[in-house]
Amino acid sequence: MAKQTLIGEGCFTKAEKDICNANFVELYANTPAPVVVTDSSLTLTAATHGYAVIVQNAAGGCAFTLPAATGTGVTFEIITQVTNTSSTTVATSPTTDYFIGMAWVMSDNSQAVLAFLPASTSNLLTLDGSTTGGYLGHRLLIKDVAAARWEIQSFGKATGSEATPFSHV
């Protein structure tokens, strides 16, 4: 279907509403269904998990492994549906791929928002269900931005002596 652009002010006619509805349906027609993960590990692939919401539903945590970063722009979104009782990790593969970005956590002590940056060789993110995050509702946005580079944004709550979730293996 050819896209049509409507410009103007005021009320839409029925024909214009039909165009908007058709464009909306086409835009979201290929949105992948959420992927619910209950296993202890998952190797992410662009074809299966790219652009889908990945719901991490394993209280014991999940070890996610990213594919090689090549600059495709593929995005993975991971939402924690249960508070981790053990660590959830996201690792690059190969280990020569690194993270750029930031981890934001809400502190339970001072109600401050803390931010952590990955070191230049960080290739592992760990959410331990405590000091580095991993509580119910924790959200990760991970994007393949360049060869050997994953951009990651982590949003959640941490408790105790909050610490960076980034490290190198």
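Does P32 count as buried, partly exposed or exposed, and at what relative accessibility? At 32% relative accessibility, P32 falls in the partly exposed class, because buried is taken as under 20% relative accessible area, exposed as over 50% and partly exposed as in between, with a 1.4 Å probe and protein chains only. The model is a predicted one, in which local features need pLDDT of at least 70 and side-chain atom pairs count only at pLDDT 80 or more, whereas totals for chains, interfaces and linings use all residues. Residues are numbered from 1 along each chain as its sequence is written, and side-chain values use heavy atoms, with hydrogens and water left out.

The chain comprises two helices and 12 strands, where helices (H or I, at least four residues) and strands (E, at least two) are DSSP runs numbered from the N terminus. Read from the N terminus, the order of elements is α-β-β-α-β-β-β-β-β-β-β-β-β-β. Of the 169 residues, 36% count as buried. Among contacts (heavy atoms within 4.5 Å) with a separation of 6 or more, residues 24 or more positions apart account for 64%.

P32 itself is located in the loop between α1 (14–28) and β1 (35–37). When residues up to four places away in sequence are not counted, P32 touches G50, Y51 and A52; the C-alpha atoms of P32 and A52 are 5.2 Å apart in space, although 20 residues separate the two in sequence.

Strands of a sheet pair through backbone hydrogen bonds, either parallel or antiparallel; here, two strands are taken to pair if DSSP finds at least two bridges between them. Seven strands form an open sheet with mixed pairing, in the order β1-β3-β5-β10-β11-β7-β8. Its edge strands are β1 and β8, each of which pairs on one side only, and neighbouring strands of this sheet are turned against each other by 20° on average, direction ignored, the axes being lines fitted to C-alpha atoms (for helices over the stretch in contact) and angles running from 0 to 180 degrees between N-to-C directions. Within this sheet, β5 (residues 75–80) is antiparallel to β10 over five bridges, with F76 standing opposite I142 in β10. Strands β7 (residues 98–107) and β8 (residues 113–116) likewise pair in the antiparallel sense, over four bridges, and W104 stands opposite A115 in β8. The hairpin of β7 and β8 has five residues between the strands, and Q111 in this hairpin takes a positive phi near 60°.

Strand β10 (residues 139–146) also contains D144, a buried residue without a salt bridge, the latter requiring a side-chain nitrogen of Lys or Arg within 4 Å of a carboxyl oxygen of Asp or Glu. The nearest side chain of opposite charge to D144 is that of K143, 9.6 Å away, where Lys and Arg count as positive, Asp and Glu as negative, and His and the chain ends are not counted. The side chains of D144 and T72 are joined by a polar contact of 2.9 Å, defined as a pair of N or O atoms within 3.5 Å of which, within protein, one must be able to donate a hydrogen and the other to accept it, residues adjacent in sequence counting only if both atoms are side-chain atoms. Neighbours within four places in sequence aside, D144 is in contact with A68, A69, T70, G71, T72, G73, V74, R149 and W150.

A further open sheet is made of five strands in the order β2-β4-β6-β9-β12, again with mixed pairing. Because β2 (41–43) and β12 (166–167) stand at its edges with a single partner strand each, one side of each is left without a neighbour in the sheet. Strand β9 (residues 124–127) pairs with β12 in the antiparallel sense over two bridges, and L124 stands opposite S167 in β12.
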